[in-house]
Amino acid sequence: MTPLALIMIIIAYLLGSISSAVLICRLKGLPDPRHSGSHNPGATNVLRLGGKGAAGLVLLCDILKGMLPVWGGYFLEINPLLLGIIAIAACLGHMYPLFFHFKGGKGVATALGALAPIGLDLTGMLFGCWMVTVLVTGYSSLASMVTALLAPLFTWLVKPQYTLPVAMLSCLIVLKHHENIRRFFAGKETKIWQRKRD
């Protein structure tokens, strides 16, 4: 691993560690998403707590956290495997943020941003898969997991050289949803348009 790649991995983790959900909720006077709703500092929980405007800002910021370091690594001609590690570092920062007591979100939007530099076609397939699953089932968590599981296949169809790092990232996303999986099978998972009580 080159020093440049190591620097980009550290930058990706630190950028991912900036919790958009917590900061935007503070700015808008909303409850702390780590302690309200689903207790997940992500766009879906902020949607329930503060509406579409706040959730949209969180979504945009979370996507950029993944996109910027990977795009930077892409232009610096870092190889695909290390680009994948940069993407994983950004998502780990979001999931376990250094600046917010390591209590973060699920990393879905950050992962989408990290995969965007691979190509608009892949981004479109991932977003389309997520949207269709949400519209059919109503569950954001299920849509995220289905999209994560299909992401390596979509990547293989578009740019096969990125399949392995994307598969690694997909495994991380699914593992982070273990509580959602348990709630889903227990019939307690909340649909995206429902407000979850504390």
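Modeller: A salt bridge here is a side-chain nitrogen of Lys or Arg within 4 Å of a carboxyl oxygen of Asp or Glu, and by that criterion the structure, which is a predicted model, holds three salt bridges.

Another salt bridge links K65 with D62, whose closest N and O atoms are 3.5 Å apart. These two residues belong to helix α4, and because they are three residues apart there, about one helical turn separates K65 from D62; both K65 and D62 are buried. Helix α4, which spans residues 52-75, is also, together with α3 (43-50), among the elements that cover the buried residues of α2. In α2 itself, residues 20-27, the buried positions are S20, A21, V22, I24 and C25, and just after that helix G29 takes a positive phi of about 70 degrees.

A further salt bridge is formed by E189 and R183, with the closest N and O atoms 2.9 Å apart, and E189 counts as buried at 10% relative accessibility.

Turning to the aromatic side chains, a search of the whole structure finds three aromatic pairs. In one of these, the ring centres of Y74 and F75 lie 5.9 Å apart and the planes stand at 80 degrees, so the pair is edge-to-face; Y74 is partly exposed, with a relative accessible area of 36%, while F75, at 63%, counts as exposed. The rings of F184 and F185 likewise have their centres 5.9 Å apart, and with their planes at 85 degrees this pair is therefore edge-to-face. F184 is partly exposed at 32% relative accessibility, and F185 is exposed, with a relative accessible area of 72%. Y139, F184 and F185 form one aromatic cluster.

As for the record, an unreviewed UniProt entry lists residues 6-25, 80-99, 111-133 and 139-158 under "transmembrane region". In the model, the span 139-158 is 95% helix and 0% strand, with its end C-alpha atoms 27 Å apart, and the span 80-99 is 80% helix and 0% strand, with its end C-alpha atoms 28 Å apart.

Key: Residues numbered from 1 in each chain as written. Heavy atoms only, no water. UniProt positions renumbered as here; feature names shortened; annotations may be inferred. Helix = DSSP H or I, 4+ residues; strand = E, 2+ residues; numbered from the N terminus. Phe/Tyr/Trp six-rings, centres within 6.5 Å; stacked < 30°, edge-to-face > 60°. Buried < 20%, exposed > 50% of the residue type's maximum accessible area, 1.4 Å probe, protein only. Contact = heavy atoms within 4.5 Å.
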